[in-house]
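Here are my notes for your first read of this model. Keep the sequence and the 3D view open as you go.

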Amino acid sequence: MKFLPMLGSVLATTGSAWAQVDSCRAEKPNVASFTDSVSGVSYQLAIPAVSQAPFPLLLSIAAPKNITWAGFATGGSMIGDPLLVAWPNDDTAVVSSRWATSHTAPALYNDTKITVFKSSGSNATHWTANFLCCKGCSSWTNGSIDPFNANETFGFAASNMSVAQPSSPSSAIAYHNVNHGHFNLDLTNARNSADQFEMLVKQFRSGN
């Protein structure tokens, strides 16, 4: 199991797969990042250099061991856009796609296609979920992500209350009692050529 690097102290504990591109290539991966100072959860996002949605999202979520689940809202709001909720499960991670129509527990959402990679897992201090959403995360009913937006809004949430069934993507999850809110990413910093995006996906997939 291999971790992709996150920000701050996580870099010292989780390895450097984001940076481990072929040294013979001049091109390096482009990644946009955010870390919530309250929960300590970090989010990294890479996208292909496309002109418009739909397109795949390559995501890495790293959280301290006390965080039981962490969420990423693709449209910046809990209501009306895909919610990608991740949590640790033994030596891997689970990512569950959810949808909320009110400020209550979100329901399962079946209009996404997500692959969780074996580079996901846990160490002594953190757990990481590395995954690709190849359908339904950049474009959805009444919303989409602009791949050229230098100030795209996303949402986040985190909890330290137990996930009822960690092995199941349909598990009930508790309230985001640690923190929740919005953040902005400059997606011009997350755009990757087709070759570079493919390389990143391969690194996620293999864990090498």
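1. Start with a term for surface contact. Buried means under 20% relative accessible area, exposed means over 50%, and partly exposed lies in between (1.4 Å probe, protein chains only). By that scale Cys 134 is partly exposed, at 39%.

2. Now the ground rules. This is a predicted model, in which local features need pLDDT of at least 70, side-chain atom pairs count only at pLDDT 80 or more, and totals for chains, interfaces and linings use all residues. Residues are numbered from 1 along each chain as its sequence is written, and side-chain values use heavy atoms, with hydrogens and water left out.

3. Next, the cysteines. A disulfide is a pair of cysteine sulfur atoms within 2.5 Å. The count by this rule is one disulfide. Cys 133 and Cys 137 form it, with 2.0 Å from S to S. The link is right-handed, with 85° about the S-S bond. Cys 133 is buried, at 0% relative accessibility. Cys 137 is buried too, at 1%.

4. Strands (E, at least two residues) are DSSP runs, numbered from the N terminus. Two strands pair if DSSP finds at least two bridges between them. Six strands make an open sheet in the order β7-β6-β5-β4-β13-β14, and the pairing is antiparallel. The edges are β7 (107–108) and β14 (179–185); each has a single partner strand, so one side of each lacks a neighbour in the sheet.

5. Look at one pair in detail. β13 (residues 152–159) runs antiparallel to β14, and seven bridges join them. In one of these pairings, Gly 155 has His 182 of β14 as its bridge partner.

6. Last, the largest pocket. A pocket is an open set of points on a 1 Å grid over the protein atoms alone, where a 1.4 Å probe fits, with protein on both sides within 12 Å along at least five of seven lines; lining residues have an atom within 4 Å of a point. A volume is the space filled by probe spheres set on the points, which are joined across faces, edges and corners. The largest pocket holds about 450 Å³. It has 24 lining residues, and Met 78, Leu 83, Ala 157, His 176 and His 180 are the closest to its centre. β4 (69–73), β5 (83–89), β13 and β14 each give two or more residues to the lining. β4 gives the most, with four.
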